[in-house]
Amino acid sequence: MRANVFPIYNNSLIVYKESLNNLNGINFFKMPTVEKTNAIFSKHKELPEILFITTYPPRECGIATYTQDLRNAIQEKFGHSFSLKVCALNAKETEYNYADEVKYTIQTDEEEQFIQLANRINADKNIAMIFLQHEFGLFGGENGSYLLKLMAHLKRPITTTFHTVLPNPNSKLKKIVRKIVDCSDSVIVMTNASAIILRSDYGIAVQKITVIAHGTHLVTSSEVSENKSKIHLADRVVLSTFGLLSEGKSIETAIEALPKIIEKFPNVIYLVIGKTHPEVLKRDGEKYRNFLYEKVYELGLQNNVRFINRYLSLQELMDYLQRTKIYFFTSKDPNQAVSGTLAYALACGCPVISTPIPHAKELLDGAGINFDFQNSEQLAEATIKLLYDPKLLKEMRLNALHKISPTSWQNAAIAHIELTKSSLAKHKVELKYELPKISLDHIKRLTTKDGMIQFSQISSPDLESGYTLDDNARALIAMTKHYEITNDVADLELITIYLDFIIFCQQEDGSFLNYVDQKGSFFLKNKDENLEDSNGRAIWALGEFSSYQNLFSEKLIEVAKIALKKALKNVATFRSPRAIAFAIKGLYFYNLEKNNVIIKVIITQLADNLVSKFRGVSDKNWKWFENYLTYANSLLPEAMLFASMSTGSLLYRKIAKTSFDFLLSIIFRDNQIKVISNQGWHHKDKSANDFGEQPIDVTYTILALNSFYNSFQEEGYFEKMETAFNWFLGKNHLHQIVYNPITGGCYDGLEEHHVNLNQGAESTVSYLMARLVFEEILNSKIEVQLYNEVFQDV
């Protein structure tokens, strides 16, 4: 094993580790790094607060659930940047057992409490800003006018989210809404239609309005979820609706459509999921539900309708939705701007048949069908059409996922913080993205007994795409590093699979083929493509793996060494700069402890080739090895750096730094990374294309930055490394996540207007490689930090 970047002094290490392991009775060294970070920094200075004024669970209310989801998402994305607290709105004569994050409560029917709350907030210097969730029925007074008492007195920045925007307001309503907007620094609506109404019917300035769609939960593929589902509905065709039940849901429209649907598809079952709305229950009891029961009996649908009369956990709800073939949204309220239930259904890949509320009209293009309010005939016809066309249903399912993915709660959290970061900056909030926990879920999903599958459709492995040497070589490097850090014995099976695949791809002459079909045969396209880069990657993987001789059995290491030695006779024929660079990296690691003169000679020959290319192309303004920047650019200067460390050449070191700094000057702009576009590349003396960024290029940049930081100890390299990794987490031109923390997969690319949601092997392994760089650094820095803290106390 190689030396740690941040060594701990051995003479104090025993006392140090004992001290850490006794820290609060926790075995520190078995904690994941994210939890170690929390253990260290939770005791540090009090964080500035964001306060949500809203309904909040356990109150059963759509806005309460919305706020909890949003708060949790912001916590997940930026948890060490600020604290997130809640002021919960209580209805008349109600009390709830709230969680610890609820700092204040207010009885919304008591006008004087709004001024008292304003005074308490103003006196709390730690509150940086406020997110206010607005619905007219939540606040006392005519049209919720008591709220104005609070807003007029508050001395903190306020961002108000309008969950409903009513068109054609009367003068009183318009006046109240305009006063709310005047007291707000910014306002959020969830649909473009609502934004238009605010502008046209209320006269609100366009610059004050931001559209942030209702958040949705990321889910794993429906195939995976069905296998794990606890819901057993045999072979029934599931149609469903969920939400707190009230007359406005117009569930009877769906029930009346069922006889015609069942005539064609007798195995249909319609699930009506959810309790009666608490306010409806207080006012009318179960009158509406009983009406629906009677309707079911009247039409003889007892075997085709099931009522699930309870408030489901999120996991249960997602489970039901992922078993749903078609989702019905039947609201009869044309003024309903947005529906969380509709968004959640789309997030689970449900094709939707919906009444034409604004939210549905904006989202369902290609992902569902709109029908007229209370028109059960149209609903039945649309359902039959879809059930007769499985291909169309599948297309709609994929379209639903593509449509809804930008609205994930993670992206909603980023959008809220981006909107308000100027207000937060005034409170000296330092915005930091949280490192996600490491997940191997998608890595394992992609891996069969033979190797790692190349592509995915969303998060479902595409077995027909087969395997590649490229992906399995990268996977071997990533899983070896993961095993070094975690010592998880389950990694050994994966490592062996990937190593065996590389050996399988090696030919008698020492070269490697790249493409293998799912049956284990080589694709014909191996003959038509230049496989130099693939061969270089194999040498990198074998060389780096061989350097972990103290981590694996001698037999396993020997397998890699034999394959590497066999491949070396072809290295001299490499012409591709990247193939040369991959080979240099592999040979550098292979030779770390051997210090073999022959290997140094080979590295020198390869590096001299790159020097020749650099001298032939570079000039005052273009300090590079080619006349263009394409993919894996950071690999070239990093290889020159490794060549310098192996041979001691100052020339290699100089070219490494010069070329790398030149590349960084192009791909880092406006405090974020923008790697070279794969749509035309970046040619000398021409402007760069801006869009078409791939995760693998971000990862290669991070790996190189780490190498240069360790060698030159320039803080700028480390800062850029953090900036580059944040690209995966949402710090990019779309402000959207590229890594999916639920599947453990990484999306395949960042385009101009959308993210490519397919989570293939290249992207997923690339993300893991980048994440492991930070795991290693964090482990080392945290140990140093705790070492210092422990011995300061001694």
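S15 and S16 pair in the antiparallel sense over two bridges. Two strands count as paired if DSSP finds at least two bridges between them. Helices (H or I, at least four residues) and strands (E, at least two) are DSSP runs, numbered from the N terminus. The model is predicted: local features need pLDDT of at least 70, side-chain atom pairs count only at pLDDT 80 or more, and totals for chains, interfaces and linings use all residues. Residues are numbered from 1 along each chain as its sequence is written, and side-chain values use heavy atoms, with hydrogens and water left out.

**The sheet**

Three strands make an open sheet, in the order S14-S15-S16, with antiparallel pairing. S14 (453-457) and S16 (515-516) are the edge strands, each pairing on one side only. S15 covers residues 460-468 and joins S14 in the antiparallel sense over four bridges. The hairpin of S14 and S15 has two residues between the strands, and Ile458 there takes a positive phi near 55°.

| Residue | Opposite residue | Strand of the opposite residue |
|---|---|---|
| Phe455 | Asp462 | S15 |

**The interior**

Of the 794 residues, 58% count as buried. Buried means under 20% relative accessible area, exposed over 50%, partly exposed in between (1.4 Å probe, protein chains only). A nonpolar core is a set of buried Ala, Val, Leu, Ile, Met, Phe, Trp, Tyr and Cys residues joined through side-chain atoms within 4.5 Å. Which residues touch the most other members of the largest nonpolar core? They are Ile74, Leu321, Ile584, Ile702 and Phe728, in a core of 183 residues. A second, separate core has 40 residues, including Ile63 and Leu132.

Contact means heavy atoms within 4.5 Å. Beyond its neighbours within four places in sequence, Ile74 contacts partners including Phe52, Phe82, Phe131 and His416.

**The whole chain**

The chain holds 29 helices and 24 strands. Its radius of gyration, taken over C-alpha atoms, is 30 Å; this agrees with a compact globule of 794 residues, which would have a value near 28 Å. That globule rule is 2.2 Å times the number of residues to the power 0.38. Among contacts between residues at least 6 apart in sequence, 70% join residues at least 24 apart.

Confidence comes as pLDDT, given per residue by the predictor from 0 to 100. The chain mean is 90, and 91% of residues reach 70 or more. Over residues 3-30 the pLDDT is below 50, and this stretch has 39 contacts in the model beyond near neighbours in sequence.
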